Amino acid sequence: MPETCSPDGVFRRAAAVPHVGDSARATAAPGRGADRTNALVVGSAAVFDRLVWRDDRMLLDDLVFRLEHYRNERWELEDACFGFYKTKPLVDQYAKFWSRRGTCSLKNILELGMWDGGSIAFWFELFGPEKHVGVDSQRRTDSDYFRWYVASRGLGARISTYWGADQADETALWDIAEREFSGPLDLVIDDASHRYGPTKASFETLFPLLRPGGLYIIEDWAWAHWSEFQGPSHPWANETELTRLIVQLVELTGSSTEVIGSVVVYQGFAAVERGDAAFGSGRFEIESHISRRSPAPRAGPLSWIPRRTGQLLSRG
Ligand SMILES: C[S@@+](CC[C@H](N)C(=O)[O-])C[C@H]1O[C@@H](n2cnc3c(N)ncnc32)[C@H](O)[C@@H]1O
């Protein structure tokens, strides 16, 4: 049974067992971490070639990521790993997405939803940003393995984690961004609550902090379309679909070329590119930038009566 991901024990996703290719290396090769490839260029699928997939783990050089969806009792490494809430099909979609984007440099990354810190290390190793900051509402601290990862690579000045911070807390996010980054954000990855309200709140807070051309990724937006979420007794049965936010972002894209440059949608995530708009000091609200037709004039509620009455009368 897959583990749950959020502290409230609701968000979990069944997934196909990851493919373990014959060509996968038997052991992870140490010595190729992002700290040693400082000026990593994104845009080549080659960075994903470093990943080695096993039935219950993903290896990235000397790092071990325990796949939470495929936990089993045969685990021999105790806590010497990151817990990781991604699957191979999802990571493959990311590989495709980044390889199609061409060259770009990601210096400042903010990630919502860390779980056990595995995704922080994953993205950091792939992109080698100057600064990577993680936020999560869990009241915990970094794991020993995470601390070892940061210390062994001398990343203390480049990686920061904020536990106990809610993604819907606009003031907290602003404070963190102001304290941690010396320039605009290049990438935000939201893999936190997956609920409509908090996800929209963080988007409205953080999207204006991206540089023009910067990306805002919303992971697992499609949960309402997955059978395991569709039962009437699922705890999220009455939860607003996150699809609604993606549709609003598409509507916004159609309304202005300035606010959103593009929206790319995969099953596992949606990537929203910031346009060139200069956002003022007021709060950014998605709805206020969407242009829609006025609703078509509707017939009044009793407008059928004369016609119906006429039919009845003519019959008599
Ligand atoms: C899907 S897991 C993150 C997985 C991680 N990114 C990974 O790939 O391994 C979701 C995380 O979001 C956090 N979370 C849930 N609701 C949140 C909220 N409102 N604000 C901040 N974090 C939240 C949970 O504590 C959990 O750690």
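**Exercise 1. Determine what share of the 316 residues of the protein counts as buried, and describe the overall make-up of the chain.**

Solution. Of the 316 residues, 34% count as buried. A residue is buried if 20 or more other C-beta atoms, placed from the backbone, lie within 10 Å of its own; it is exposed if 12 or fewer do, and partly exposed in between. The structure is a predicted model, in which local features need pLDDT of at least 70 and side-chain atom pairs count only at pLDDT 80 or more, while totals for chains, interfaces and linings use all residues. Residues are numbered from 1 along each chain as its sequence is written.

Next, the secondary structure comes to seven helices and 11 strands. Helices (H or I, at least four residues) and strands (E, at least two) are DSSP runs, numbered from the N terminus.

Finally, among contacts between residues at least 6 apart in sequence, 68% join residues at least 24 apart. Two residues are in contact if their C-beta atoms, placed from the backbone, lie within 7 Å.

**Exercise 2. State the order in which seven strands form an open sheet, and identify the strands at its edges.**

Solution. The order is β7-β6-β5-β8-β9-β11-β10, with mixed pairing. β7 (159-163) and β10 (260-265) stand at the edges; each has a single partner strand, so one side of each lacks a neighbour in the sheet. Two strands pair if DSSP finds at least two bridges between them.

The pairings can then be followed across the sheet. β5 and β8 run parallel and are joined by four bridges; here Leu-110 has Val-188 in β8 as its bridge partner. β8 and β9 also pair in the parallel sense, over five bridges, and Ile-189 stands opposite Ile-217 in β9. β9 (210-219) and β11 (269-274) pair in the antiparallel sense over five bridges, with Val-272 in β11 as the bridge partner of Tyr-216.

**Exercise 3. Describe the largest nonpolar core and the place of Leu-206.**

Solution. A nonpolar core is a set of buried Ala, Val, Leu, Ile, Met, Phe, Trp, Tyr and Cys residues joined through C-beta atoms within 7 Å. The largest one has 61 residues, and those with the most contacts inside it include Trp-123, Val-188, Leu-206 and Tyr-216. Its largest share, seven residues, comes from α2.

Leu-206 lies in helix α5 (196-206). It counts as buried because it has 22 C-beta neighbours inside 10 Å. Leaving aside residues up to four places away in sequence, Leu-206 touches Leu-110, Leu-173, Leu-185, Val-188 and Tyr-216. Leu-206 and Leu-110 are 96 residues apart in sequence, yet their C-alpha atoms are 9.2 Å apart in space.

**Exercise 4. Examine helix α2 and its relation to the ligand shell.**

Solution. Begin with burial: α2 is mostly covered, with 10 of its 10 residues buried. One of its buried residues is Trp-123, which touches Ile-109, Glu-111, His-132 and Ile-189, not counting residues up to four places away in sequence. After α2 comes Gly-128, whose phi is positive, near 50°.

Then turn to the ligand. Of the 23 residues around it, Tyr-85, Gly-113, Ser-119, Gln-167 and Ser-193 come nearest. The elements giving two or more residues to this shell are α2 (118-127) and β6 (131-136).

Definitions and conventions
Near = placed C-beta within 6 Å.
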